[in-house]
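My notes are below, in the order I looked things up.

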Amino acid sequence: MNRSILVVFLPEEEPAAAWAVGSLLPQIEDGDTLLLLHNGAKDRSFAEKYARLPGVRFFEQCDNLGVAGGRNFLLRQPECRESDLVFLVDSDAIVPCDYLRKMTEFIDATPDAGVVGPVALSFPYLRQKLRGAGFFPGGTGGPVSLFGDEFDTAAIRSLIAGNLYEDAVDHIGTAPEWRRAYLSQELFLETVETMCHAPAVEGFHGSLKNDAQSLARLSDGAGHLEVGNVAGCCQVFRRSLIDEIGYLCDLYNPYGFEDVDFSIRAITHGKRNYTTNATYLLHRTDLRHATRTLPQQRFRNRCNDSRVRTIFEFRWARTDFPAVTVRRLIGRYLVESGKSNDARENILAALFGVRRALLQIAAYEGPGLSAAIRQGGDPFAAFERLLEEPSAKVAEPSTRVAA
C-alpha cells in the first residue's frame, strides 16, 4: 500500500515543521512519499535541509497558496495521485513512531471510511508530563525526531493513564449530526445557554471533546467514534476519495474550515468519518496559536473565523442562509457583551468577516451579486434569489483551486 504524507509550512513555522518531519521520516517505507511544501517562500533557505532527504519531495512556492491551495498543490503531484492513502499532518504536530502503521491498519479495516483521524492531544498541556516521562531527547537542528524510537502509541497511552480529560484533548471530532453542530437553531440556543451556565440543549455537544461520554469511549481500550468533522491537522483518507468528492475548497484560503467542508462532502457522498484511539497525534508544538495576542492579531483571527464560517454557512445551510449567520452573530454578541472588555471589537471583527465572505461569494458566483453588495443594494435579497434558482456551483459545493 503506497502512502503520501503531506506537510505544508510557512517560513516562520519551519522549526516546528522540522520536528514534524523528523517524527515521520523513520516511518517512511518503500512506496511512500513525504511531500513537503514551503508555502510563501521568499528564498531557498530550507532547500538544502529537505530536498535531498530519502523518500521526500520538497517544493517551494513564492506565493502563499493557503492551506487548501497548498495541500491541493501536493495532492496533484504524480506520487500522490498514484498513492493509495493520503495523510495530512500539520506542521505543528508530532506523531509517535508507529503512527503511519496504526492509522493504515485502522482505515484498511474500515471499508466505509471517508476521512479518519487519531485522537489529537494538546502538546502544551502534556509538555510537563512528557518531560517527566523522560522524553524530549531530540535536538532542534532538524529534521530530527524530538522523542526517539521509544515514543510509540503505547507510551502515549501510558502517559495519559487510560484517561482523557478535556484540557488534554486538542480535537476528537465534531458530532456526526453535522447540521445540528454547525448550522441549526440549537447551536444558537447552546451558545446562549453556555453564557447562562445552563446545561447544553438535550445534552448535545457539537465538539465531542466537551462530551464526557465521547471522551470515555476513547479513554481505554481500542475504540472509535463516528464524527462529522476530522480535524485538518490529522486527516487520513483513501486517495480515491478525491476522485469522488473533489479537492479542498479554495474559498476558505488562507485557512479555516477547509477541513470541515471536506469532511462533510465525504458524508454527503455516503461515507462515514471516524476518530480512533488506535494512535495519537500531538498538536500545537510551536505555540503559534497561543502567541497571537496582539489586538491586531486577535481582530484578524476573529475576522477570518467569521469569514470562513459565513462561507461554510452559505455553501451548506442552503435556504436557511443568511438566517443561520444572523443567529451566530446574535449569539456571539450575547456572549461577548457579557464577559469581555473587547466585545465591541470582537463583534466588529465578526461583521467585517461576514462582509468579506459575502464579497468572496459574490465574486465567485457572478458580477450581479458583487455589484449589489458594493453599491449598497440588498445583498441578502440577492442571495435569496440565488438560492431560489441555485446554480450548479451552489447546489454542489465547488472545489475550485488556483492554477
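**Model.** I am working from a predicted model.

**Strand β8.** I started with residues 224-227, which make up β8. Which side chains point to the buried face? Leu225 and Val227 do. I then looked for the partner. β8 pairs with β10 (residues 272-283) in the antiparallel sense, over 4 bridges. Opposite histidine 224 I found threonine 276 of β10.

**Helix α1.** Next I took residues 14-24. Of the 11 residues in α1, 10 are buried. Among them are Glu14, Trp19, Val21 and Leu24. What covers the buried residues of α1? I noted strands β1 (3-9), β2 (33-39) and β5 (93-94), and helices α2 (47-50) and α5 (99-108), among the covering elements.

**Cysteines.** I searched the whole structure for disulfides and got 0. Cysteine 249 has a relative accessible area of 1%, so it is buried. Cysteine 303 is at 6%, so it counts as buried too.

**Serine 263.** This residue lies in helix α12 (residues 258-268). Buried or exposed? Serine 263 is buried, because its relative accessible area is 0%. I listed its contacts, leaving out residues up to four places away in sequence. Serine 263 touches Val115, Gly228, Asn229, Val230, Gln235 and Asn273.

**Aromatic rings.** I counted 17 aromatic pairs. One is phenylalanine 59 with phenylalanine 73, edge-to-face, at 5.3 Å centre to centre and 85° between the planes. Phenylalanine 59 is in strand β3 (residues 56-61) and phenylalanine 73 in helix α3 (residues 66-75), 14 residues apart. Phenylalanine 59 is at 11% relative accessibility, so it counts as buried.

Phenylalanine 135 is buried at 15% relative accessibility, and phenylalanine 151 is buried at 2%.

I also traced a cluster. Ring pairs link Trp178, Tyr182, Phe257, Phe312 and Trp316.

**Charge over a ring.** Last, I checked arginine 76. Its charged end sits over the ring of tyrosine 247, 4.1 Å from the ring centre.

Technical notes: Residues numbered from 1 in each chain as written. Predicted model: local features only at pLDDT ≥ 70, side-chain atom pairs only at ≥ 80, totals over all residues. Heavy atoms only, no water. Buried < 20%, exposed > 50% of the residue type's maximum accessible area, 1.4 Å probe, protein only. Helix = DSSP H or I, 4+ residues; strand = E, 2+ residues; numbered from the N terminus. Pairing = 2+ DSSP bridges. Disulfide = S-S within 2.5 Å. Contact = heavy atoms within 4.5 Å. Phe/Tyr/Trp six-rings, centres within 6.5 Å; stacked < 30°, edge-to-face > 60°. Lys NZ or Arg CZ within 6 Å of the ring centre and 35° of its normal.
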